[in-house]
Amino acid sequence: MTRQRSNRRTAIAGPVLIIVWVLHTAVGVLASAPALGEALAGGWYGAMTSDLEVALWFLMTGFFGLVAGLAMTALEHAGRLPWSVSIALLMIALIGVSAAPVSGFLLVLVAAVIAVVQSARQSRRRASADLGRGERPFEAVDPSESEGAGLEHSSRSGQGRV
């Protein structure tokens with residue numbers, strides 16, 4: 001039986017990032033459960049106090065990370081995970097690991113390395129596809145080879161190119 005190859009690429013970095021942030025949010029909620037319970041019981045609006053700062057940090061960064069993971073997953077499936085996204089995630093992970101070496105930032109670093117590898121693979125695929133179509137991605141193009149390369153004007157002397 002032959003398996004048809006799908007155009008949909010495998011997403012790895014995005015799902016790993018989603019798992020990291022789900023775990024991150026779960027740890028934050030469990031660690032701050034008593035304070036969160038009091039805030040919910042007393043009315044959530046304006047409930048943030050110094051006791052809830054850690055809980056807010058876990059919740060907000062967790063949901064932001066979830067959104068980032070979903071976006072990265074979509075980009076990976078499309079085969080278009082840009083270097084800028086991978087490098088930004090790597091920088092966040094490196095800053096986090098340097099500030100808190102024994103933390104969840106180690107898991108973010110794993111996701112970032114996977115993202116960099118995915119970006120490299122996708123760049124290579126695009127480059128080889130461009131070469132297969134006869135495009136010259138890194139060669140200088142002589143402007144005189146293309147139509148309309150020179151400035152054209154009509155003058156009384158009848159010269160076409162300047």
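User: Which backbone oxygen does the side chain of Thr61 reach?

Analyst: This is a predicted model, where local features need pLDDT of at least 70, side-chain atom pairs count only at pLDDT 80 or more, and totals for chains, interfaces and linings use all residues. Residues are numbered from 1 along each chain as its sequence is written, and side-chain values use heavy atoms, without hydrogens and water. Thr61 lies in helix H3 (residues 53-78), a DSSP run of H or I with at least four residues, numbered from the N terminus. At 2.6 Å, its side chain reaches the backbone oxygen of Trp57.

User: Is Thr61 buried or exposed?

Analyst: Buried means under 20% relative accessible area, exposed over 50%, partly exposed in between (1.4 Å probe, protein chains only). Thr61 has 19% relative accessibility, so Thr61 counts as buried.

User: Which residues is Thr61 in contact with, leaving aside neighbours within four places in sequence?

Analyst: Contact means heavy atoms within 4.5 Å. With those neighbours left aside, the partners of Thr61 are Trp21 and His24.

User: How many residues does the largest nonpolar core have?

Analyst: Such a core joins buried Ala, Val, Leu, Ile, Met, Phe, Trp, Tyr and Cys residues through side-chain atoms within 4.5 Å. Met72 and Leu17 are among those with the most contacts inside the largest one. Helices H1 (13-31), H4 (83-99) and H5 (105-132) each give two or more residues to this core.

User: What is the relative accessible area of Leu40?

Analyst: Leu40 sits in helix H2 (residues 33-42). Leu40 is exposed because its relative accessible area is 59%.

How values were computed. A polar contact is a pair of N or O atoms within 3.5 Å; within protein, one must be able to donate a hydrogen and the other to accept it, and residues adjacent in sequence count only if both atoms are side-chain atoms.
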